[in-house]
Amino acid sequence: MATFAVILPAAGQSSRFQHQQRKKPFADLKGRAVWLRSAEHFTNRDDVLQTIVVVSPDDEEWFKEKYAANLAFMNVDIVTGGDSRAASVKNGLAIVKPEIEYVAVHDAARPLLTKQWVDQVFAKAAETGAALLGVPVASTLKKVADGQITVTVSRESLWEAQTPQVFRRDWLEAAYAKQGKLEPTDEAQLVEQTGKPISMVAGSSLNFKITTADDFRLAAQALDALPKAAGLRALHPFQDEDPRLI
(Lines give C-alpha, C1' and ligand atoms only; values in the text may rest on other atoms or scores of the structure.)
Protein backbone atom coordinates (compact mmCIF):
# COMPACT_ATOMS: atom_id res chain seq x y z
CA MET A 1 0.00 0.00 0.00
CA ALA A 2 1.33 3.43 -0.96
CA THR A 3 1.84 5.80 1.96
CA PHE A 4 0.86 9.46 2.02
CA ALA A 5 1.40 12.64 3.99
CA VAL A 6 -1.17 15.43 3.63
CA ILE A 7 -0.27 19.11 3.96
CA LEU A 8 -3.13 21.55 4.62
CA PRO A 9 -2.06 25.18 4.06
CA ALA A 10 -4.04 27.47 6.39
CA ALA A 11 -1.62 30.37 6.69
CA GLY A 12 -3.18 32.82 4.24
CA GLN A 13 -4.51 36.24 5.18
CA SER A 14 -8.09 35.61 3.94
CA SER A 15 -8.15 39.17 2.58
CA ARG A 16 -11.29 38.51 0.49
CA PHE A 17 -13.16 36.80 3.31
CA GLN A 18 -15.06 38.64 6.01
CA HIS A 19 -17.24 36.28 8.06
CA GLN A 20 -17.56 35.59 11.79
CA GLN A 21 -14.46 37.81 12.23
CA ARG A 22 -12.31 34.76 11.52
CA LYS A 23 -10.04 33.66 8.71
CA LYS A 24 -11.79 31.30 6.35
CA PRO A 25 -10.15 28.02 7.51
CA PHE A 26 -11.25 28.75 11.08
CA ALA A 27 -14.82 29.88 10.39
CA ASP A 28 -17.56 27.66 11.79
CA LEU A 29 -19.28 25.76 8.99
CA LYS A 30 -22.44 24.15 10.39
CA GLY A 31 -20.87 23.29 13.71
CA ARG A 32 -17.30 22.47 12.66
CA ALA A 33 -14.39 24.64 11.61
CA VAL A 34 -13.70 24.61 7.88
CA TRP A 35 -10.16 23.27 8.36
CA LEU A 36 -11.46 20.40 10.48
CA ARG A 37 -13.93 19.41 7.78
CA SER A 38 -11.04 19.43 5.30
CA ALA A 39 -8.63 17.50 7.51
CA GLU A 40 -11.04 14.76 8.53
CA HIS A 41 -11.09 13.42 4.97
CA PHE A 42 -7.51 12.27 5.55
CA THR A 43 -6.92 11.65 9.25
CA ASN A 44 -8.97 8.44 9.31
CA ARG A 45 -7.35 6.86 6.25
CA ASP A 46 -5.00 3.91 6.72
CA ASP A 47 -2.75 5.10 3.89
CA VAL A 48 -2.26 8.59 5.39
CA LEU A 49 0.55 8.36 7.93
CA GLN A 50 0.88 12.08 8.63
CA THR A 51 -1.39 15.12 8.45
CA ILE A 52 0.25 18.55 8.65
CA VAL A 53 -1.56 21.86 9.12
CA VAL A 54 0.38 25.01 8.22
CA VAL A 55 -0.72 28.14 10.09
CA SER A 56 0.41 31.75 10.22
CA PRO A 57 2.86 32.71 13.01
CA ASP A 58 0.19 35.16 14.21
CA ASP A 59 -2.35 32.34 14.59
CA GLU A 60 -0.19 29.51 15.86
CA GLU A 61 -0.54 29.97 19.62
CA TRP A 62 -4.30 30.66 19.34
CA PHE A 63 -4.74 27.68 17.01
CA LYS A 64 -3.02 25.25 19.37
CA GLU A 65 -5.13 26.43 22.29
CA LYS A 66 -8.44 26.64 20.42
CA TYR A 67 -8.16 23.21 18.80
CA ALA A 68 -6.07 21.36 21.40
CA ALA A 69 -8.58 18.52 21.79
CA ASN A 70 -9.00 18.08 18.04
CA LEU A 71 -5.27 18.12 17.43
CA ALA A 72 -4.62 15.47 20.05
CA PHE A 73 -7.41 13.21 18.84
CA MET A 74 -6.58 13.58 15.15
CA ASN A 75 -2.79 13.35 15.63
CA VAL A 76 -2.13 16.43 13.50
CA ASP A 77 1.27 18.13 13.22
CA ILE A 78 1.45 21.94 13.13
CA VAL A 79 3.97 23.94 11.13
CA THR A 80 4.54 27.70 10.94
CA GLY A 81 3.69 29.18 7.54
CA GLY A 82 5.87 31.31 5.31
CA ASP A 83 5.37 34.48 3.29
CA SER A 84 3.61 32.68 0.43
CA ARG A 85 1.63 29.52 -0.19
CA ALA A 86 4.69 27.89 -1.75
CA ALA A 87 6.81 28.75 1.27
CA SER A 88 4.16 27.41 3.63
CA VAL A 89 3.90 24.10 1.77
CA LYS A 90 7.70 23.87 1.68
CA ASN A 91 7.75 24.23 5.46
CA GLY A 92 5.27 21.38 5.73
CA LEU A 93 7.26 19.25 3.29
CA ALA A 94 10.34 19.66 5.47
CA ILE A 95 8.79 17.64 8.32
CA VAL A 96 7.25 14.82 6.29
CA LYS A 97 8.29 11.51 7.83
CA PRO A 98 11.15 9.84 5.92
CA GLU A 99 9.25 6.63 5.20
CA ILE A 100 6.37 8.36 3.36
CA GLU A 101 6.31 7.96 -0.42
CA TYR A 102 3.70 10.49 -1.59
CA VAL A 103 2.74 13.98 -0.49
CA ALA A 104 -0.73 15.44 -1.00
CA VAL A 105 -1.51 19.14 -0.67
CA HIS A 106 -5.10 20.10 0.04
CA ASP A 107 -6.50 23.56 0.66
CA ALA A 108 -7.62 23.90 4.27
CA ALA A 109 -10.49 26.03 2.95
CA ARG A 110 -11.75 23.31 0.56
CA PRO A 111 -13.92 21.15 2.85
CA LEU A 112 -16.35 19.56 0.37
CA LEU A 113 -14.70 16.25 -0.47
CA THR A 114 -15.80 12.63 -0.60
CA LYS A 115 -13.81 9.48 0.10
CA GLN A 116 -14.20 8.32 -3.48
CA TRP A 117 -12.65 11.45 -4.95
CA VAL A 118 -9.70 11.12 -2.57
CA ASP A 119 -9.38 7.41 -3.38
CA GLN A 120 -9.29 8.17 -7.10
CA VAL A 121 -6.66 10.89 -7.00
CA PHE A 122 -4.47 8.94 -4.57
CA ALA A 123 -4.66 5.84 -6.78
CA LYS A 124 -3.81 7.79 -9.93
CA ALA A 125 -0.82 9.44 -8.24
CA ALA A 126 0.43 6.05 -7.07
CA GLU A 127 0.07 4.80 -10.66
CA THR A 128 1.61 7.73 -12.55
CA GLY A 129 3.65 9.71 -10.01
CA ALA A 130 1.46 12.81 -9.79
CA ALA A 131 -2.25 13.63 -10.01
CA LEU A 132 -4.77 16.27 -9.02
CA LEU A 133 -8.51 16.70 -8.99
CA GLY A 134 -10.09 19.12 -11.43
CA VAL A 135 -13.13 19.89 -13.56
CA PRO A 136 -13.43 20.98 -17.21
CA VAL A 137 -14.04 24.70 -17.62
CA ALA A 138 -17.73 25.18 -18.42
CA SER A 139 -18.10 28.95 -18.72
CA THR A 140 -17.20 31.15 -21.68
CA LEU A 141 -13.87 32.83 -20.99
CA LYS A 142 -13.06 36.44 -21.87
CA LYS A 143 -9.72 38.21 -21.72
CA VAL A 144 -10.19 41.77 -20.43
CA ALA A 145 -7.96 44.86 -20.41
CA ASP A 146 -8.98 48.20 -18.91
CA GLY A 147 -12.51 46.91 -18.41
CA GLN A 148 -12.95 45.96 -22.08
CA ILE A 149 -13.11 42.49 -23.62
CA THR A 150 -10.14 41.93 -25.92
CA VAL A 151 -10.76 38.33 -26.95
CA THR A 152 -12.88 35.27 -26.23
CA VAL A 153 -10.64 32.44 -25.08
CA SER A 154 -11.40 28.91 -26.21
CA ARG A 155 -12.20 26.67 -23.27
CA GLU A 156 -11.31 23.53 -25.22
CA SER A 157 -8.97 21.34 -23.16
CA LEU A 158 -9.06 23.82 -20.24
CA TRP A 159 -9.60 22.46 -16.75
CA GLU A 160 -9.98 24.16 -13.40
CA ALA A 161 -7.40 22.77 -10.99
CA GLN A 162 -8.55 21.71 -7.54
CA THR A 163 -6.98 19.88 -4.62
CA PRO A 164 -5.88 17.39 -3.40
CA GLN A 165 -2.79 17.57 -5.57
CA VAL A 166 -0.66 14.49 -4.98
CA PHE A 167 2.96 13.87 -5.93
CA ARG A 168 5.76 11.43 -5.44
CA ARG A 169 7.65 12.87 -2.54
CA ASP A 170 10.95 13.00 -4.44
CA TRP A 171 9.27 14.79 -7.37
CA LEU A 172 7.86 17.50 -5.13
CA GLU A 173 11.15 17.94 -3.27
CA ALA A 174 13.01 18.23 -6.58
CA ALA A 175 10.46 20.78 -7.82
CA TYR A 176 11.05 22.97 -4.78
CA ALA A 177 14.81 22.67 -5.24
CA LYS A 178 14.36 24.12 -8.74
CA GLN A 179 11.77 26.75 -7.80
CA GLY A 180 14.01 29.75 -8.41
CA LYS A 181 12.00 33.00 -8.63
CA LEU A 182 8.76 31.26 -9.63
CA GLU A 183 5.86 31.98 -7.27
CA PRO A 184 3.40 29.23 -8.23
CA THR A 185 -0.31 29.41 -7.56
CA ASP A 186 -0.38 25.68 -6.90
CA GLU A 187 2.06 22.81 -6.44
CA ALA A 188 1.35 21.32 -9.87
CA GLN A 189 2.82 24.45 -11.48
CA LEU A 190 6.08 23.81 -9.64
CA VAL A 191 6.23 20.18 -10.72
CA GLU A 192 5.26 21.08 -14.30
CA GLN A 193 8.46 23.09 -14.76
CA THR A 194 10.54 19.98 -14.00
CA GLY A 195 8.95 18.16 -16.95
CA LYS A 196 7.28 15.44 -14.89
CA PRO A 197 3.87 14.23 -16.15
CA ILE A 198 0.85 15.11 -14.02
CA SER A 199 -2.49 13.34 -14.42
CA MET A 200 -5.83 15.11 -14.15
CA VAL A 201 -8.60 13.24 -12.34
CA ALA A 202 -12.19 14.30 -12.89
CA GLY A 203 -13.60 15.69 -9.66
CA SER A 204 -16.72 17.72 -8.98
CA SER A 205 -17.77 21.35 -9.02
CA LEU A 206 -18.84 20.80 -5.41
CA ASN A 207 -15.17 20.62 -4.43
CA PHE A 208 -14.72 24.38 -4.45
CA LYS A 209 -12.46 26.54 -2.32
CA ILE A 210 -14.05 28.99 0.11
CA THR A 211 -12.66 32.39 -0.81
CA THR A 212 -15.50 34.86 -0.18
CA ALA A 213 -18.49 35.14 2.14
CA ASP A 214 -20.69 34.05 -0.79
CA ASP A 215 -18.60 30.89 -1.11
CA PHE A 216 -19.11 30.23 2.58
CA ARG A 217 -22.89 30.46 2.24
CA LEU A 218 -22.79 28.12 -0.76
CA ALA A 219 -20.63 25.66 1.17
CA ALA A 220 -23.22 25.49 3.95
CA GLN A 221 -25.81 24.44 1.37
CA ALA A 222 -23.44 22.15 -0.53
CA LEU A 223 -22.69 20.08 2.57
CA ASP A 224 -26.19 18.65 2.25
CA ALA A 225 -25.67 18.04 -1.48
CA LEU A 226 -22.51 15.97 -1.09
CA PRO A 227 -23.23 12.47 -2.37
CA LYS A 228 -23.25 9.41 -0.21
CA ALA A 229 -21.34 6.36 -1.39
CA ALA A 230 -24.23 5.02 -3.48
CA GLY A 231 -24.66 8.31 -5.33
CA LEU A 232 -21.09 9.24 -6.16
CA ARG A 233 -21.30 8.29 -9.83
CA ALA A 234 -23.92 10.94 -10.42
CA LEU A 235 -21.48 13.68 -9.39
CA HIS A 236 -19.17 12.99 -12.31
CA PRO A 237 -18.65 16.36 -14.07
CA PHE A 238 -19.85 14.99 -17.40
CA GLN A 239 -23.21 13.86 -16.03
CA ASP A 240 -26.25 16.01 -15.50
CA GLU A 241 -27.95 14.51 -12.46
CA ASP A 242 -28.89 16.94 -9.74
CA PRO A 243 -27.05 15.79 -6.58
CA ARG A 244 -30.02 16.92 -4.46
CA LEU A 245 -32.13 14.25 -6.12
CA ILE A 246 -29.78 11.35 -5.42
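This is a predicted model: local features need pLDDT of at least 70, side-chain atom pairs count only at pLDDT 80 or more; totals for chains, interfaces and linings use all residues.
**Notebook: surface, cores and a few residues**

Next I looked up the overall make-up. I found eight helices and eleven strands in the protein. Of its 246 residues, 48% count as buried. I also checked how far along the chain contacts reach: among those between residues at least 6 apart in sequence, 71% join residues at least 24 apart.

**Entry: the cores**

Which residues have the most contacts inside the largest nonpolar core? I noted W35, V53, F63, Y67, F122 and V166, in a core of 45 residues. Several elements each supply at least two residues of this core, including strand 1 (4-10), helix 5 and helix 8 (213-225). Apart from this core lies another, of 23 residues, with V54, V103, W171 and A188 among them.

**Entry: F122**

I then picked F122, which lies in helix 5 (residues 115-128). Is F122 buried or exposed? With a relative accessible area of 2%, F122 is buried, because buried means under 20%. Leaving aside neighbours within four places in sequence, I saw F122 in contact with F4, V6, F42, R45, D47, V48, A104 and V166.

**Entry: two partners of F122**

R45 sits in the loop between helix 1 (34-43) and strand 4 (48-55). R45 is buried too, with a relative accessible area of 13%. Beyond its neighbours within four places in sequence, R45 is in contact with K115, V118, D119 and F122.

Not counting residues up to four places away in sequence, V166 touches F4, Y102, V103, A104, V121, F122, A125, G129, A130 and A131. I was pleased to meet F4 and A104 again, as both are in contact with F122 as well.

**Entry: back to the surface**

Which residues form a nonpolar patch on the surface? I found V151, V153 and L158, with about 190 Å² of accessible area together. V153 lies in strand 9 (residues 148-153). At 34% relative accessibility, V153 counts as partly exposed, because 34% falls between the cut-offs of 20% and 50%.

Technical notes
Residues are numbered from 1 along each chain as its sequence is written. Side-chain values use heavy atoms; hydrogens and water are left out. Helices (H or I, at least four residues) and strands (E, at least two) are DSSP runs, numbered from the N terminus. Buried means under 20% relative accessible area, exposed over 50%, partly exposed in between (1.4 Å probe, protein chains only). Contact means heavy atoms within 4.5 Å. Patches are made of residues with over 30% relative accessible area and no salt bridge: like charges are joined within 9 Å, nonpolar side chains (Val, Leu, Ile, Met, Phe, Trp, Tyr) within 5 Å. Accessible areas come from the Shrake-Rupley method with a 1.4 Å probe; for residues, only the protein chains shown count as cover. A salt bridge is a side-chain nitrogen of Lys or Arg within 4 Å of a carboxyl oxygen of Asp or Glu. A nonpolar core is a set of buried Ala, Val, Leu, Ile, Met, Phe, Trp, Tyr and Cys residues joined through side-chain atoms within 4.5 Å.
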